[in-house]
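This report looks at charged side-chain pairs and at a surface patch. Please keep the sequence and the coordinates in view while reading.

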Amino acid sequence: GGIFPDNACRREILNLDVYCNFMTSGCTWIGQLKALELHIESCEYREVQCTQCGQYIQQLVLIKHREIDCPMRLELCPHCKEEVPLQQMQAHVDKVCLEVLHPCPNGCDSPEMKLP
């Protein structure tokens with residue numbers, strides 16, 4: 001005799017009830033081991049990467065993160081109304097925005113002017 005797979009044992013193991021890998025994050029799913037992989041693909045508690053900032057966020061709160069918490073979410077510049085990533089807004093206002101008045105770069109006393 002040789003070594004052979006024990007299909008009866010395999011079926012028995014795949015039918016065992018297991019908890020979701022993300023149980024400690026709040027998922028209450030319990031199901032058969034054979035269904036675990038499919039559940040994990042759609043589990044709201046799994047971490048997914050935000051395409052805007054690269055942070056890993058629970059699927060459950062990803063939409064809120066993108067709209068409210070993400071440092072790279074787009075916001076309107078209060079001066080030119082252009083959409084700018086929030087994290088880059090100050091640099092946009094200081095160096096790029098054509099609607100903001102700036103002191104003369106030569107240090108003269110002329111009135112503030114817009115960037116060229």
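## Salt bridges

Lys64 pairs with Asp69 in a salt bridge whose closest N and O atoms are 2.7 Å apart, the term being used for a side-chain nitrogen of Lys or Arg within 4 Å of a carboxyl oxygen of Asp or Glu. Lys64 has 44% relative accessibility and counts as partly exposed, and Asp69, at 41%, is likewise partly exposed; here buried means under 20% relative accessible area, exposed over 50%, and partly exposed in between, with a 1.4 Å probe and protein chains only.

Arg73 forms a salt bridge with Glu75, with 3.0 Å between the closest N and O atoms. Arg73 counts as buried at 16% relative accessibility, whereas Glu75 is partly exposed at 30%. By the rule given above, the count comes to two salt bridges.

## Nonpolar surface patch

Ile13, Leu16 and Leu33 make up a nonpolar patch on the surface, with about 240 Å² of accessible area together (Shrake-Rupley method, 1.4 Å probe, only the protein chains shown counting as cover for residues). Patches consist of residues with over 30% relative accessible area and no salt bridge, where like charges are joined within 9 Å and nonpolar side chains (Val, Leu, Ile, Met, Phe, Trp, Tyr) within 5 Å.

Leu33 counts as partly exposed, at 30% relative accessibility, and lies in helix 2, residues 33-42; helices (H or I, at least four residues) and strands (E, at least two) are DSSP runs numbered from the N terminus.

## Basis of the values

The model is predicted, with local features needing pLDDT of at least 70 and side-chain atom pairs counting only at pLDDT 80 or more, while totals for chains, interfaces and linings use all residues. Residues are numbered from 1 along each chain as its sequence is written, and side-chain values use heavy atoms, with hydrogens and water left out.
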